[in-house]
Amino acid sequence: MSTVQSDTLQVLKEILDEVAEVPADQVTLESSFVDDLELDSLSIVSVFVLVQRRFGVEVPNEVFDRLSTVGRAVAYLEHGAIPE
Amino acid sequence: MSAPSAAAAATLRGAATSLWGLGTYLPSRPVTNAMICERIDSSDEWIRSRSGIRLRHWADPSETVEFMAATAAERALENAGITADQVGCVIVSTVSHLHQFPSLAAGVAHRIGAAAPGAFDISAGCAGFCYGLALASDMVAAGSAAYVLLIAVERLSELTDTGDKGTAFLFGDGAGAVVVGPSGQAGIGPVVWGSDGSQKDTIRQSASWSALRDAPETPWPRITMNGREVFKWAAYHLGPVAERALERAGVSADALDSFIPHQANARITDQLVSELKLPDHVSVARSIETHGNTSAVSIPLAMQEMLATGAATPGGLALLLSFGTGLVWAGQVIRLPTAPVTAPVPAATPPVLTDDTRSVR
């Protein structure tokens, strides 16, 4: 997985800080929303609502249920497909 | 919260109507999260973190919807300084009056001694108070009634799936009533409301009465809800409704004294407060902690608590915002009632159970 700090990752970090006060330096592409960042299901909904506002991409529930890590979410937002 | 004189000086565009008085009824059975967790695999901490709820009150068998509605109505009339025979119309908002007909409103009107007012029930779920307030204000403004008694009442405990981890902890019972009457200044802003029937299954009764007839093994109909879908819907749609309600009333967020959203879930309230960027001086209703989600009753209960504790200012401007099964939504800016109130306290004892009580339950 790329270690380049993408704009998408940067915006996701801002959203995670806003929704759940997760410090940006704790967020990596490998971070699991649930296991590492300790987001509950409602916080994950809030994250993807803000994603929709910032990126203009509506992420359906069945898709974001499969975007378990920050890296998978970045890949989906950048390439429009759920990573294998 | 601002000083009363400053609050009264704030203006809104709206009907020359206002809330004359307020009354509520909180039933006698306190139910803690620990009690809820006897039936579901959950914890006090989980329930608090997901909903903000610590306590709710459930009705005793004798605390019928008619009894609770009438008691709240009598308290509202007394608070308003109006007698029952001055009431021109009674509107009841409920989803838990377990008779398809007649309306609960007719029975309540009779019970409180109102002299042949118009009386009917509305079905707008958790948005029922804001829907009813719009109707009441329009009726008074049009001259259809001098005073309208609007009552929200729920016994959601009867429709709660006590074994469902997602909703068992959510709901509470109670009643809230207001008297709407004429006013020398605008006191109720234009309603901003709507519905989206494509979401009709998001919060629903689990089975119809006919399903119960056709398949007697069908479980007793209860509230079924896709909580995450509701949360998502609220996150997308409610902020703009609030902004339009402010705009239509010509009120800036800065001029608000308080924000009283339907107490659906503390997390939804938190999200709205953040999205609307309300100034720090605006008091925010948080009574879900001790009342649970009481559907349309939550706004009058929260309003009374905020006025009684001084969190909200009598005569100040409040933004009301609600949404519920349908899905339906409504919001408006109002001037808070000036008549003094005491905080809602649960009834010390329920009334005696009689044959008549059983029949109106």
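Which residue takes a positive phi just after helix 4 of chain A? A:Gly80 does, at about 70°. The model is predicted. The rest covers a nonpolar core, the contact between the chains, and some individual residues.

- Strand 4 of chain B spans residues 87–93 and is mostly covered, with six of its seven residues buried.
- Strand 4 runs parallel to strand 6 (residues 147–155) of chain B, and six bridges join the two.
- Within this pairing, B:Cys89 of chain B stands opposite B:Val148 in strand 6.
- Strand 4 also runs parallel to strand 5 (residues 118–122) of chain B, through five bridges.
- B:Val90 has B:Ala119, in strand 5 of chain B, as its bridge partner.
- Strand 6 pairs with strand 7 (residues 173–182) of chain B in the antiparallel sense, over eight bridges.
- B:Glu154 has its bridge partner, B:Gly174, in strand 7 of chain B.
- Strand 4, helix 5 (residues 104–112) and strand 5 of chain B form a right-handed β-α-β unit.

- Strand 13 (residues 317–324) and strand 14 (residues 328–335) of chain B run antiparallel and are joined by eight bridges.

**Nonpolar core**

- The largest nonpolar core holds 143 residues.
- B:Ala69 and B:Ile151 have the most contacts inside this core.
- Helix 8 of chain B supplies the largest share of the core, eleven residues.
- Beyond its neighbours within four places in sequence, B:Ala69 is in contact with B:Val92, B:Leu104, B:Val108, B:Ile151, B:Val153 and B:Ala175.
- In soluble globular proteins, nonpolar side chains tend to be buried together.

**Contact between the chains**

- Eight residues of chain B and seven residues of chain A take part in the contact.
- On the chain B side, helix 8 (227–249) and helix 9 (266–276) are the elements that give two or more residues.
- Helix 8 of chain B gives the most to that side, with five residues.
- By class, the chain B side has three nonpolar, one polar and four charged residues.

**Helix 4 of chain A**

- Helix 4 (residues 70–79) of chain A is mostly covered, with seven of its ten residues buried.
- Among the buried residues are A:Val70, A:Arg72, A:Tyr76 and A:Leu77.
- The buried residues of helix 4 pack against helix 1 and helix 2 (41–55) of chain A.

- A:Asp17 is found in helix 1 (residues 7–20) of chain A.
- A:Asp17 is partly exposed because 14 other C-beta atoms lie within 10 Å, between the limits of 12 or fewer for exposed and 20 or more for buried.
- Not counting residues up to four places away in sequence, A:Asp17 touches A:Val22 and A:Ala24.
- The C-alpha atoms of A:Asp17 and A:Arg72 are separated by 18 Å, and the two residues are 55 residues apart along the chain.
- B:Leu278 lies in the loop between helix 9 and strand 12 (283–284) of chain B.
- B:Leu278 is partly exposed, with 19 other C-beta atoms within 10 Å.
- Leaving aside neighbours within four places in sequence, B:Leu278 is in contact with B:Ala253, B:Phe259 and B:Val273.
- B:Leu278 and B:Phe259 are 19 residues apart along the chain, and their C-alpha atoms are separated by 8.7 Å.

Terms used. Residues numbered from 1 in each chain as written. Chains lettered and ligands numbered in written order. Predicted model: local features only at pLDDT ≥ 70, side-chain atom pairs only at ≥ 80, totals over all residues. Helix = DSSP H or I, 4+ residues; strand = E, 2+ residues; numbered from the N terminus. Pairing = 2+ DSSP bridges. Right-handed = clockwise from strand over helix to strand, strands pointing away. Contact = placed C-beta atoms within 7 Å. Nonpolar A, V, L, I, M, F, W, Y, C, P; charged D, E, K, R; others polar. Core = buried A, V, L, I, M, F, W, Y, C linked by C-beta atoms within 7 Å.
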